[in-house]
Amino acid sequence: MPTSISAGFQTFRSNLEITDLQAPVVATRQQRVRDAVASGLVVLDSFLTGSYARDTMIAPLKQADVDIFTVMDPRYYNNQTPQGLLDQVREHLRVTYPSTPRVSKNGQAVTITFTDFKVDVVPAFFRNGGGFLMPDANAGVWLKTNPKQHVELWSKANEYHQGDLIPLIKMLKAWNRAHSERFRSFHLEALAVKIFTSVTISNFPSGIRFFFARAQTATTVQLPDPAGYGGDVGAYMTGDLLAAANQSLLRAEGWALEAEAAIADDRIDLAFDKYRLLFGDYFPAYG
């Protein structure tokens, strides 16, 4: 059991990772799904996206979604609604997966629910002028996006922080999961990328506290899609949800400050207790 802050955060980082045993399972499964889509539909390109591609996925794998972006032939766009495209992809996948696992729609993707994790298939089209168009069946519109740029932007930001930004983002996602998951995953990640622009992460305790302090203001203003294609990625956060999220951020900042104060007083055991309040069982117990 760790007895120092550095050892505690090292164990914390390890607890957030999917295991080496699980990683090959993800790789094999997603390839089979991609092959299933391409077996009867004309697919021009397909690639992994989402937190798996951005390297921000956290354990356990059972609670994770592996996103596959499939760029379809334009023939499927003509006279097609976003809902119609998702229906077509879902019915096609049901040929390969007729009963188990469950195949359903979630508004922007077709979700295949396996016993160990989910795979989201996002059908899309190349967009004139760059990027892609993906369906939003709930709003009945086509959304502009470019997930490949998100991966590049996250990677460059992580390099700027000498490899510390991605681990810190995973820590923030652990906090979000431990406290009602009020933030959508991509929104939380984009907030972190924005907040840490041109700011040095000197260590994880101060970086975490800095995020919670700045995010209370950052959530009240628009956050454009970092790739420049979509709108405000935090547009869903209004009213009671916004108030509850900011209350969670304020409480988290308080715990982070108390943990740093405990570190300064050489009360490492107390600091561990505060970090366990922040991150739940992801953060190890002291001693």
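The axes of H7 and helix H8 (residues 204–218) approach within 10 Å of each other and cross at roughly 105°. H7 is therefore roughly perpendicular to H8, a label for angles of 65 to 115 degrees, whereas those under 35 count as roughly parallel, those over 145 as roughly antiparallel and the rest as oblique. By class, this contact of H7 with H8 comprises eight nonpolar, no polar and one charged residues. From H7, Leu188, Leu191, Ala192 and Ile195 meet Phe210, Phe211, Arg214, Ala215 and Ala218 of H8; contact means heavy atoms within 4.5 Å.

The model is predicted, with local features needing pLDDT of at least 70 and side-chain atom pairs counting only at pLDDT 80 or more, while totals for chains, interfaces and linings use all residues. Residues are numbered from 1 along each chain as its sequence is written, and side-chain values use heavy atoms, with hydrogens and water left out.

Helices (H or I, at least four residues) and strands (E, at least two) are DSSP runs numbered from the N terminus. Axes are lines fitted to C-alpha atoms, for helices over the stretch in contact, and angles run from 0 to 180 degrees between N-to-C directions.

A further crossing involves helix H1 (residues 5–16) and H6, whose axes come within 10 Å at an angle of roughly 75°. H1 is thus roughly perpendicular to H6. The contact of H1 with H6 is made up of six nonpolar, no polar and two charged residues. Phe9, Phe12, Arg13 and Leu16 of H1 meet Pro167, Lys170, Met171 and Ala174 of H6.

Lysine 170 itself lies in helix H6. With a relative accessible area of 5%, lysine 170 is buried; buried means under 20%, exposed over 50% and partly exposed in between (1.4 Å probe, protein chains only). Apart from neighbours within four places in sequence, lysine 170 contacts Leu16, Glu17, Asp55, Thr56, Met57 and Ile58.

Asparagine 138, by contrast, is placed in the loop between S6 and S7 and counts as exposed at 69% relative accessibility. Leaving aside neighbours within four places in sequence, asparagine 138 is in contact with Asn106 and Gly107. Its C-alpha atom is separated by 37 Å from that of phenylalanine 12, 126 residues away along the chain.

The pockets were located on a 1 Å grid over the protein atoms alone, a pocket being an open set of points with protein on both sides within 12 Å along at least five of seven lines, and lining residues having an atom within 4 Å of a point. A volume is the space filled by probe spheres set on the points.

| Pocket | Volume | Lining by class |
|---|---|---|
| Largest pocket | about 1500 Å³ | 15 nonpolar, 16 polar and twelve charged residues |
| Second largest pocket | about 200 Å³ | eight nonpolar, two polar and one charged residues |

In these classes, Ala, Val, Leu, Ile, Met, Phe, Trp, Tyr, Cys and Pro count as nonpolar, Asp, Glu, Lys and Arg as charged, and the others, Gly among them, as polar.

The largest pocket has 43 lining residues, and Asp67, Gln108, Arg184, Ser185 and Phe186 lie nearest its centre. Elements supplying at least two lining residues each include strand S2 (65–72), strand S5 (118–126), helix H5 (147–160) and helix H7 (185–195). H7 gives the most, with four residues.

H7 also gives the most to the lining of the second largest pocket, with four residues. Among the residues lining the second largest pocket are Ala190, Val193, Lys194, Ile195, Ala218 and Pro224.

Conventions: On a 1 Å grid over the protein atoms alone, a cavity is a set of points where a 1.4 Å probe fits but cannot get out, and a pocket is an open set with protein on both sides within 12 Å along at least five of seven lines; lining residues have an atom within 4 Å of a point.
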